[in-house]
Protein chains: 2
Amino acid sequence: MSDDSATLPRALEVSLGERSYPIHIGPGLLGDPARLTPFLAGRQVMVVTNTAVAPLYLERLKAGLDDGLEVRELVLPDGEATKTFATVERIWDALLEAGFNRRCTLIALGGGVIGDMVGFAAACYQRGVAFIQVPTTLLAQVDSSVGGKTGVNHPLGKNMIGAFWQPRAVLIDTDTLSTLPPRELSAGLAEVIKYGLIRDAGFLAWLEETMPRLRDLDAAALTRAIERSCAIKAEIVAEDETEQGVRALLNLGHTFGHAIEAHQGYGVWLHGEAVGAGMQMAVELSARLGWLDADEVARCRRIIASAGLPLAAPAAMGADDFLARMRLDKKNLDSRMRLILLRSLGDACVHDETPPALLSEFIGAFARR
Amino acid sequence: MSDDSATLPRALEVSLGERSYPIHIGPGLLGDPARLTPFLAGRQVMVVTNTAVAPLYLERLKAGLDDGLEVRELVLPDGEATKTFATVERIWDALLEAGFNRRCTLIALGGGVIGDMVGFAAACYQRGVAFIQVPTTLLAQVDSSVGGKTGVNHPLGKNMIGAFWQPRAVLIDTDTLSTLPPRELSAGLAEVIKYGLIRDAGFLAWLEETMPRLRDLDAAALTRAIERSCAIKAEIVAEDETEQGVRALLNLGHTFGHAIEAHQGYGVWLHGEAVGAGMQMAVELSARLGWLDADEVARCRRIIASAGLPLAAPAAMGADDFLARMRLDKKNLDSRMRLILLRSLGDACVHDETPPALLSEFIGAFARR
C-alpha cells in the first residue's frame, strides 16, 4: 500500500446474496442518472437531506433523477442531536402524506446522521422499502453508509434503536468533500485509521505518510483512502452481516467513544472525535495487557493526532462515568464487558476478560492524565 | 374436515430455514417451563403485557420461567388506540433502564396489539433481539402471533410502521379463551372464517356447522379451529415471508377493514369486526365481477353473521371515505388499487383490475344499504 497511483476497482460490491449492492466511488457521480436509475424500486422517490447539505448538493442530485419520476424532498435539521425518533417520525409523516407505497425509494443525501435515520425510516416504512445511500461526509463515505446498520440514539445510549437494513446502492461522489469542514474531515479520518489498525498494517503505514495530503483534500489520496476503507468494510460485512462475530471488530474505539458522546451530550463531540480518543484508549489498554509496546502506542498517538483528533477523554469524565455507559454497550452479553482491542497493529480481537479492577483503574488513570 | 375428533399434530412449525419456529397449541401450556426455556436467548427476560391480561395470566406465565433468570415485567394500557410509537418507546425505555443487552428475550403476553408492539420493539431494540409470542385472544392465536408481521399504527394508516421479525416460538394456551369477552371471540372468528374463504372450502363448511359450539367456547372445537387456522397461515408464510406474492391473500377483507378502522378511530371497531364487514364487501365485489353467485354470497353473509360480526360498514362512511384510506394500503403498487377477492369459495386471488368507477359505485351502494 505504498504506491497510491495503483487504482482499485471503482465499483466495489458488498456480497450479501440477493441483497448484494455496489459502492460507486469517484468524482462527478452525483448528477449521473446511470448511477441512480437502476436502483430505484418504482416511480416514487423521496430525497431526504439536511439544511447544511441541501443548498450544496440537492439540485445536483435531483439532476440525476429521470423525468417521469414522482420526486419529493425533505430537508431536516442538521446534527447528531437530531438523530432521534422524533426526526424519523417526520420522514414517515412525509411519506404517508405523499401517499408513498411499498415500491417507493428513499435517497439519503448527507452524513452519517442522515444515512442512519433514512435507512431506519426505510427499514420500518410499511415493513421495509428500498433506499440508496449518497454520503457527503468522509465519515459516512468510509463507514456508516456501507453495511446496513441503521438507527437512532436514545437518551440512554447511542444507536440503541435500529435495524439491519441494506441499501440498494452506495454512491460516493468524492467532489462533495471539497465543502466538508476540516473538523468533519478529521472525524472521518478516525474511521479510516480504524481500518488500518484492525486489519491492514500496510494501509496504516500509508496513512501515516499520507495524512498531510489527506487533510489538504488531495483528491487521489482521498479516493484511495475511501476505496481501501470501503473494501475492508465490505469484506467484513459480507462475512458477518448482523454482527455475530468478526463485524464487532469495526467497533474499535467505539465503546469508549460512545460513552464520551453520550456523557457530553450528542453532537458536542463529533462521533469521529470520540472514536479517535476511544481508539487511543483501546491502544493503551492493549499495551497494558502486554500486546503492544511503547513505540507502537506512541506511533498510534502520532497518527491519531496528525489527523487532527483528540487523544484524551473530556477532563471531567471519571472511570465511573465511562463504566456506567459502557455497561449498556450492545456488544456486551450477559454481564461481561466486551471490548475490541489490538493483538498487534493491524490485528484486532474481541476481548471480554479484562479484569474489572484493571479496567476501572486504567480508565481512571487515562482520564486524569 | 367434518370429523372434529381427528387430532392434528399439536406442534406446528413455521418453516423459514434458520428462523423456523414451533407453534404449541393446547390447554395448560402457560405455566410449563418446558415450553419457554428452550427459546430464551439468555438470562434477561422481559414479559410485556397489558392491564387487562396481567391480573389473569401474568403470574401463571412467570411460573413457567426458571429460577436464576433476570425477569422484569412491563404492564401497558389496553386497546388498539395504544398501538403507537409512544407505547413502543416505553418498552425500549424499560429495556434500557434495566440494562438489557442483545441477548435478552421479550415475551408478548396478550392480544394482537401487545404482540405487534412487542415484536416491533424486539425487532428494533439494539437492531434486533429475541421474542416469544404468548397470545391470549383468539385473533392473536389464529393470526397476528404467527408470521412475524410487527408494527404500530400511524394516524394516516394502520400498521404503516413496522418490521418483519419472527418470534422464536408461539405458545397458545387455549385455556386463556375462557376469559375472553364474547365481542373479542367474534373478532377472532373473523380471521378463522378468512382461512376457510381463501384456502379451504372444507374448513369453511366445518365452521358453518360448528359456529354455535365455537361461540360457546367448546374446547375441542376451538382447538381444532386454531390448529387449522395456524396450519394454513404457517404454510402461506413459509411460502412468502415478506409478502411478495401469495401472503397478500391473508389480507382478504383487510383493505376495506383497515379503512373502516382508521375512519372510525382505532379501537372503536375491533380489528376483527372491521375484517368481518370487509370480507363481506370482498365477497359481494367478487360476485359483481361474476365470480360468486347469489347463493354463495348469502352463505358467506350467514357465516359471518353467525360469528356475531357486522355485515355492513358504518352508515356514515361513503365511497370517498373508503377510497381515500384504501389508496394508502400497503398492497398497492404505483397507482393501482390491489384487492383480495374470491374466484370461488376457498380460492382467493390478488386483483388489481377492478375498474375504478365500478369500485366507487360498488362501495357507495354497499355503504348506503
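1. How many residue pairs are in polar contact between chain A and chain B, with both residues at pLDDT 80 or more? The count is ten. The model is a predicted one, and the points below should be read with that in mind.

2. On the side of chain A that touches chain B, four elements each supply at least two residues: the helices α3 (85-97) and α4 (112-124), and the strands β7 (149-154) and β8 (157-164). By residue class, this side of chain A divides into 14 nonpolar, eleven charged and nine polar residues.

3. The extent of the interface is as follows. Chain A brings 34 residues to the contact, and chain B brings 34 residues. Between the two chains about 3600 Å² is buried, and carbon and sulfur atoms give 56% of that area.

4. Two salt bridges are counted between chain A and chain B. A salt bridge joins the side chains of A:R102 and B:E243, with an N to O distance of 3.8 Å. The cut-off for a salt bridge is 4 Å, so the 3.8 Å of this pair falls within it.

5. Of the contacts in chain A between residues at least 6 apart in sequence, 76% link residues at least 24 apart.

6. The C-alpha trace of chain A spans about 60 × 45 × 35 Å along its principal axes. Of the 369 residues in chain A, 62% are buried.

7. A:K233 deserves a comment. This lysine lies in helix α8 of chain A and counts as buried, because its relative accessibility is 5%, where the limit for buried is under 20%. Leaving aside residues up to four places away in sequence, A:K233 touches A:V142, A:D143, A:S144, A:V146, A:Y195, A:R247 and A:L250. The list includes an aspartate, A:D143, and an arginine, A:R247.

8. Is A:D216 buried or exposed? A:D216 counts as exposed, because its relative accessibility is 65% and the limit for exposed is over 50%. A:D216 is located in the loop of chain A between α7 (201-215) and α8 (219-239). From A:D216 to A:L311 the separation is 95 residues in sequence and 21 Å in space, taken C-alpha to C-alpha.

Definitions and conventions: Residues numbered from 1 in each chain as written. Chains lettered and ligands numbered in written order. Predicted model: local features only at pLDDT ≥ 70, side-chain atom pairs only at ≥ 80, totals over all residues. Heavy atoms only, no water. Contact = heavy atoms within 4.5 Å. Buried area = accessible area lost by both parts, 1.4 Å probe. Polar contact = N/O pair within 3.5 Å; in protein donor to acceptor, adjacent residues only side chain to side chain. Nonpolar A, V, L, I, M, F, W, Y, C, P; charged D, E, K, R; others polar. Buried < 20%, exposed > 50% of the residue type's maximum accessible area, 1.4 Å probe, protein only.
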